[in-house]
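Hello,

Here is the structure for you to look over. My notes follow below it.

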Amino acid sequence: MEKEKYDLSRYADRLYLAAVRKTRDSVAAEDIAQETFLAALVQLSRGKRPENVWAWLLAILSNKYCDWLREKYNKPQISFEEYPFEIAGESAGDDENDDSEEKLEAIRRELGRLAGIHREVMIRYYMHNQTVQRIAKELQIPVGTVKSRLNLGRQHIREKVTDMENYTKQSYEPDTLHIACAGGAGLHEEPFSLVPDSDRLAQSILITAYRKPLAETELAKALGVPAAFAEPVVEKLVAGELMKRTNGGRAYTDFIIYTDTDRKKAFEKQLSITEKYFPLFWEEMERGLTVLREKQWYQQQTEHARTKLELHFCVKTLKNAVVSVRDEVTGVMSYSEYPYRKDGGRWIAMGMQYPAGYRHKDDVEFWKYEVNGEAGYVERNFRDTKTVELRCYGTSLNDDFSYSTIYDHAQQYVKWFYELWQKIPAEESAISVPVIQEADNLIKQGFLKNGNTLELDIPVLDHAAYREECELVSEYEGEIAARVREILLPVFGHGGVRLPSHLKSVPKWQQYMFCGNSVPMMVIYKAREKGLFLKDVGYPLPAALLICEKA
C-alpha cells in the first residue's frame with residue numbers, strides 16, 4: 001500500500017501541467033517538472049514520508065519555479081550544493097544535523113555512473129553553478145545539446161536513485177595523486193611505478209583509504225566500481241607496501257598524503273619571515289659564495305656552469321640550514337633508519353593530492369618557491385669511469401622544475417652527459433635514439449646547449465672537488481641555521497600536518513616538511529630581486545652537477 005502511495009509516476013502529467021501554468025513555457029516546464037521529481041525521489045530515498053503527496057510535490061515545484069525565475073532574470077542561480085531541500089510547512093528540525101553533503105549524497109554518488117559527456121554537463125550545472133549558455137560556450141556545443149544531456153542525466157539519476165550506494169566525490173570528479181619518495185627507489189622504480197599518472201583507479205583507492213581503513217567492497221562502493229575491479233589493485237598496492245591491512249582485513253594507505261591546504265599552511269608565515277629577516281640568511285650565504293668563487297675547480301667551469309654551480313651551492317646550503325632547524329622539532333632520521341623494501345629499494349613514500357582540474361600554472365606564486373629534494377643518479381664502470389653521477393634539485397629557475405624528463409631516463413642521461421662532456425661522436429654513443437631525441441627538452445631545461453655541436457651545459461666536478469663543495473655547504477649551513485633558528489622554530493611548532501589516527505608509520509619530519517620548504521627559494525628570489533644574485537641571468541638554471549671519478 002505504501003509503495004502505491006509513493007508511486008510518483010502517476011503524478012507526472014498533473015505536475016507538468018502545473019509547471020506549464022506557472023511558466024507558460026513548455027520547455028522550461030518540462031525541466032522544472034523533472035527537477036521536482038528528482039528532488040522528491042531524493043527525499044523519499046532518505047526516508048521522507050509526506051502525508052499529502054500532491055501538496056508536497058507542489059511545494060517542491062514552487063521552489064523549483066522560484067529557482068527558474070532567478071536564472072531567467074539573471075539573479076544568482078541556486079545549485080544542488082546550496083538548495084536546502086526543505087519543504088514549506090514541514091519542520092526543519094528533522095534535518096538539523098544534516099549538512100549539504102548528506103542531503104545531496106544520493107545525487108552526487110550516482111553522477112559517477114553517468115557517461116562522461118553527460119556527467120560533465122551535470123557537474124558544471126549543478127555542482128559548479130554554471131548556466132546552460134556558459135556550458136554550451138565552454139564546451140562548444142549547442143544550447144539544445146546541453147539541455148538534452150541534462151535531461152538524460154536527470155533521467156538516469158531519477159531511475160537509479162533508489163538503488164544507489166554510498167559513492168563519494170572521488171567517483172565522479174576524482175582528485176589526482178602524484179607519488180614522491182625520500183630515499184632510494186626500487187629495482188623497477190618503485191614506488192613511482194606502482195601508481196603511474198595514468199592509473200586513476202589506484203590513485204583514487206589510495207586517496208579514499210587514507211582517512212580510514214576500508215574493505216574492498218567499501219572502497220568499490222565509494223568509487224562506483226565493481227569490487228572485482230578494486231580487489232586486484234588493492235592487492236598490488238599492499239604487496240608494493242603502499243597500503244597495509246588491519247587485523248580485521250581492511251586496507252589503508254600507509255604513507256602521508258599532502259593536500260593543497262597542507263602544503264600552504266605555513267606558506268604566508270615563511271614569506272613574512274624571509275621578507276623581514278632576509279639579511280640573516282643572505283649575509284652568510286654571500287660569504288660562502290665568495291669562498292666558492294675562489295676555488296680552482298669553480299674557475300675552470302664555463303660561465304653558465306659557474307652560475308649553475310652557485311645555484312646548486314645556495315639551494316643545498318639554505319635547504320640544509322632549514323632542515324637542521326626542523327630536526328630540532330622532529331628529531332633526526334638518518335638514511336640507515338629508512339626501511340628496506342621488498343623491491344630492493346629503501347624509500348619512504350609521500351603523496352601529493354590535487355583537486356580535479358588543478359593546474360600548476362594557475363598557482364604559480366606558490367610553486368615558484370618549491371624545491372624538490374636533491375636527486376642522485378649513479379652509473380658505475382661506464383667507459384673509462386669508476387662512477388659518474390648526476391645530482392640535481394628541482395626548482396622553478398629552469399623551465400621544468402619537476403625534471404620529469406630526467407626522472408624518466410635518469411640512468412641513460414647520466415651516461416649521455418658524460419659522453420657529451422668527453423666529446424664522444426654521436427655515432428659512437430652507447431645511448432639509445434629515443435633518449436637522444438629528448439635533446440630539445442634538455443636544452444629548454446638548461447642541461448644542454450646547442451652551439452656548433454650539442455654540448456653539456458652544467459658544471460662537471462671530480463670527487464675531490466665535490467667533497468670540497470659539500471664541506472663548504474656544511475660550514476655555511478651551520479652558520480645560517482644558528483642565525484635563523486629562533487625565527488624558524490615557531491613556524492615548525494605550529495605548521496605540522498595532522499595525520500589520521502590509525503597511521504603510525506609516517507616519520508615525524510614528513511609532517512613538518514612544508515613548514516620551511518619554501519624558505520630557500522624565497523631567499524634566492526629575494527637576493528635576485530635586490531640584484532645580489534643571478535643578476536642579468538636570462539637562461540634556464542638547473543641546480544645540477546655531474547660528478548666523475550675515473551677508473
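The protein chain has 24 helices and 11 strands; both are DSSP runs numbered from the N terminus, with helices being H or I of at least four residues and strands E of at least two. This is a predicted model, in which local features need pLDDT of at least 70, side-chain atom pairs count only at pLDDT 80 or more, and totals for chains, interfaces and linings use all residues. Residues are numbered from 1 along each chain as its sequence is written, and side-chain values use heavy atoms, without hydrogens and water.

Of the 551 residues, 50% count as buried (under 20% relative accessible area, 1.4 Å probe, protein chains only). Contacts (heavy atoms within 4.5 Å) with a separation of 6 or more are 73% between residues 24 or more positions apart.

Now the cores. A nonpolar core is a set of buried Ala, Val, Leu, Ile, Met, Phe, Trp, Tyr and Cys residues joined through side-chain atoms within 4.5 Å. The largest has 96 residues. Ile-205, Leu-237, Met-243, Phe-281, Trp-282, Ile-524 and Phe-533 touch the most other members. H22 gives the most to this core, with 12 residues. A second, separate core has 25 residues, including Tyr-418 and Cys-548.

Phe-533 also deserves a look. Leaving out residues up to four places away in sequence, its contacts include Trp-282, Arg-293, Glu-310 and Ile-524.

Last, a helix pair. The axes (lines fitted to C-alpha atoms over the stretch in contact) of H16 (residues 303-330) and H22 (residues 463-494) come within 6 Å and cross at roughly 45 degrees.

Best wishes

Key:
Axes fitted to C-alpha atoms, helices over the stretch in contact; angles between N-to-C directions.
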